[in-house]
Amino acid sequence: MNETIASTTPTAHRLLLVDDEPRLLASLCAILEDSGHELHTATCGSEAVALLEQMSFDLALLDLRLPDFGGHQIMDVINRKKLETRVIVLSGETGIEGAIGALKRGAYDYLRKPYSREELLNTVDNALRQRRLETENKRIAQQLARSEKLYRYLVDSSPDIIYTLNEEGRFSFVNDRALQLLGFSRSELIGNHYSMLVHAEDMDRAYYVFNERRVGERASRNIELRLKSAGGRDKGPAFETTLLTLSFNSMGMYGSPADKHGAEFYGTYGVARDITERKRAEAMISYHAYHDILTDLPNRMLFKDRLGLAITQAKRKDAELAVMFIDLDRFKLVNDTLGHIHGDELLQQVAARLKAALRQGDTLARLGGDEFTIVLPELQSREDADVVAQKALECLQLPFKLADSDNHISASIGIAVYPHDGTTIDELLCHADMAMYQVKARGKNSYSFYEPSMHEASYQKITLEKSLRRALERNEFEMYYQPQVDASTGQIVGVEGLMRWHHPERGLLSAGEFLPFAEENGLMLPISDWMLEAVCRDLAWWNSQSSSRIRLSLNVSPQYLDSGDFVAKMAAVLSRHRLSASQIEVEITENICIRNPQYAIEQLNKLEAIGVSVAIDDFGTGYSSLAYLHRFPVHTIKIDQSFVREIHRLDGHYPVVLAIMSIASGLSLNVVAEGVESGIQAAYLQRIGCTVMQGYLYHRPISAARFLQLLPRAVARMA
């Protein structure tokens with residue numbers, strides 16, 4: 001018996017549910033009744049076919065086995081009558097024949113009973129979404145068909161020059177665009193030979209374009225010619241004052257089909273497009289391939305090209321040249337404090353000052369980040385490099401105006417001289433880089449020439465190792481915390497612990513500036529022990545001062561996770577501070593899969609067993625294995641700020657972010673977006689389903705005491 005469940009939703013679809021089992025049919029209706037669709041049911045094949053003939057359905061959910069005839073026969077009717085109804089087969093058959101038969105008949109999907117509620121709803125939503133897309137495509141195709149009827153209007157108002165020539169090469173028709181582009185009226189062109197327009201150097205190529213007799217694929221396509229202009233362009237500069245570059249497509253015209261023997265040729269038809277903007281775009285693309293977009297300086301590729309040319313000339317003239325490697329001091333502190341926008345502004349100001357300090361013929365380039373390079377060709381003496389380096393340091397001493405305040409930075413400069421310090425591009429850059437690090441080690445804000453005795457790498461490691469060990473002894477580390485906010489409510493729902501180093505000389509350093517050296521020098525374990533104790537101590541303090549119970553995330557190095565007693569240490573410190581394990585979330589990176597994935601899985605399972613949740617930090621930036629990700633006891637994935645930074649428009653398409661959201665949805669994981677700095681980023685993320693965010697838009701990293709002041713606004717959000 002047919003049963004209809006009506007919907008008041010304007011966008012509801014009409015669904016036909018067919019099953020001879022009343023209990024299963026009722027269950028199916030119950031699952032779909034909240035979906036907002038109009039539901040019709042049938043318990044046999046004949047009843048289903050009758051409904052299909054009476055009304056149109058967007059989707060039919062068919063059982064294969066019915067009392068009279070089954071789902072395959074119903075699909076045959078749909079196909080025979082060309083009904084625009086999508087089909088999802090729901091069957092309890094275990095054999096593959098039923099599925100093959102259904103798919104051959106065009107079924108959208110095949111679900112075996114028993115199926116989950118989520119699986120059914122997702123399949124139905126996907127089928128209806130695809131149907132909507134197909135409907136939209138048909139509508140667009142119909143619009144295109146109608147638009148073809150407007151060809152007469154298009155010829156008259158075309159942005160391209162449309163013309164015809166007679167068999168002698170004289171114009172027999174041109175549209176008004178010729179006047180706009182070339183300055184020649186229709187009366188000035190018709191009856192005249194095409195040669196009056198063509199630049200003399202292009203005349204040979206023009207002969208084949210304007211005397212084209214071929215048709216179809218063999219006809220002329222995209223041939224560029226320079227044409228004379230009578231009155232210049234109506235707007236915008238031209239590459240040449242009296243010439244324009246146009247792209248021509250032309251073909252022969254015949255009185256009867258061209259493939260008929262003896263067809264009469266009576267002229268050439270052509271379209272000429274002004275490609276000035278394209279030429280400008282190509283020039284722009286070529287320019288940016290060799291220049292840094294932010295500072296407009298030569299990039300690494302162009303710098304190496306110019307350095308190679310300078311080396312060749314110096315070798316030919318038996319002269320010297322110098323390469324300078326410049327690294328800005330304290331740039332990361334400014335960037336972390338003021339944000340990336342002001343950090344970019346600082347780089348632009350630095351580039352302008354350095355460029356003004358150079359000699360004519362010197363090349364300044366930006367290699368990336370806060371690193372700049374300079375090539376000084378044809379040195380008269382090493383003193384020339386001294387003078388330029390001193391000027392570079394002096395120009396950076398003046399304050400930089402950022403965020404309505406004065407900010408000060410300096411630079412460390414290393415210099416390598418050809419041919420004494422190297423004869424190749426890589427040698428000179430490497431040795432200049434070594435000399436720069438020597439300046440860093442000596443206290444920065446200076447310059448140094450390369451010397452063979454420099455072994456900067458070893459020296460830097462030893463120096464940092466000693467400084468890091470003293471930092472632990474002198475309690476120079478401090479935990480900062482960046483709140484995680486539910487964008488839909490504005491409430492704080494979590495916090496991430498971020499380590500800072502109060503370096504006695506370099507000021508406040510972020511974790512990225514010293515933890516890589518700690519990993520290389522075997523100091524990661526004692527520093528991680530300190531961090532674990534510090535965050536739990538702060539969390540216990542917050543609990544004692546506030547009724548809010550916030551979840552705290554902390555990054556764990558793979559080295560620390562690999563240590564056999566990590567989980568035991570975690571359990572001990574939680575017990576010592578009387579903390580619930582549910583308040584702690586351990587963040588790991590995807591690269592954990594590289595070393596010993598099975599061991600990592602065991603460790604993470606142990607964490608889960610004591611109640612600690614796990615998050616994947618910087619998801620999508622490292623080694624990624626969905627197979628291992630599926631096996632990890634992961635609760636949260638964090639979208640790396642490099643992907644969030646790419647979001648510039650609310651209506652933009654950002655496939656990596658969408659893919660991460662899809663993975664999280666498929667694995668039922670929580671998502672946190674890092675580095676959110678603008679309202680557009682927040683709005684886009686919220687629109688695609690990501691509501692938990694952290695970044696400068698909401699809060700900067702703050703001390704434990706400052707975070708405690710925010711806790712009254714926090715809410716418990718325990719997964």
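Helices and strands are taken here as DSSP runs, of at least four residues for helices and at least two for strands, numbered from the N terminus. In this predicted model, F514 is placed in the loop that connects β21 (507-510) with α17 (515-520). The residue F514 is buried, its relative accessible area being 0%. Apart from residues up to four places away in sequence, F514 touches L468, F477, M499, R500, W501 and L509. The C-alpha atom of F514 is separated by 64 Å from that of R205, a residue 309 positions away along the chain.

For the protein as a whole, 27 helices and 28 strands are assigned. The radius of gyration is 36 Å, whereas a compact globule of 719 residues would have a value near 27 Å. The C-alpha trace spans about 90 × 85 × 45 Å along the principal axes. Among contacts with a separation of 6 or more, 64% are accounted for by residues 24 or more positions apart. Of the 719 residues, 46% count as buried. The accessible surface amounts to about 36100 Å², and 51% of this area belongs to carbon and sulfur atoms. Charged side chains comprise 79 positive and 95 negative ones, with the centres of the two sets 2 Å apart.

In soluble globular proteins, nonpolar side chains tend to be buried together. The largest nonpolar core in the model has 77 residues, and W542 and L685 have the most contacts inside it. Helix α18 (residues 524-545) supplies the largest share of this core, with 10 residues. Neighbours within four places in sequence aside, L685 is in contact with I639, V644, I647, V657, A673, V676, C690 and M693.

Backbone geometry was examined at several loop positions. The peptide bond from K113 to P114 is cis, with omega near -5 degrees; P114 is found in the loop between β6 (109-112) and α5 (117-147). Y418 and P419 are likewise joined by a cis peptide bond, with omega about 5 degrees, and P419 lies between β17 (410-418) and α15 (425-442), in the loop.

Positive phi values in residues other than glycine include that of A403, near 55 degrees. A403 belongs to the loop between β15 (400-402) and β16 (405-407) and is partly exposed, with a relative accessible area of 38%. For S668, phi is also positive, near 55 degrees. S668 is located in the loop between α25 (655-666) and β26 (670-673). Its relative accessibility is 67%, so S668 counts as exposed, the cut-off being over 50%.

Technical notes. Residues numbered from 1 in each chain as written. Predicted model: local features only at pLDDT ≥ 70, side-chain atom pairs only at ≥ 80, totals over all residues. Heavy atoms only, no water. Rg over C-alpha atoms; globule rule 2.2 N^0.38 Å. Buried < 20%, exposed > 50% of the residue type's maximum accessible area, 1.4 Å probe, protein only. Contact = heavy atoms within 4.5 Å. Areas by Shrake-Rupley, 256 points an atom, 1.4 Å probe, with all protein chains shown as cover. Lys, Arg positive; Asp, Glu negative; His and termini not counted. Charge placed at Lys NZ, Arg CZ, Asp CG, Glu CD. Core = buried A, V, L, I, M, F, W, Y, C linked by side-chain atoms within 4.5 Å.
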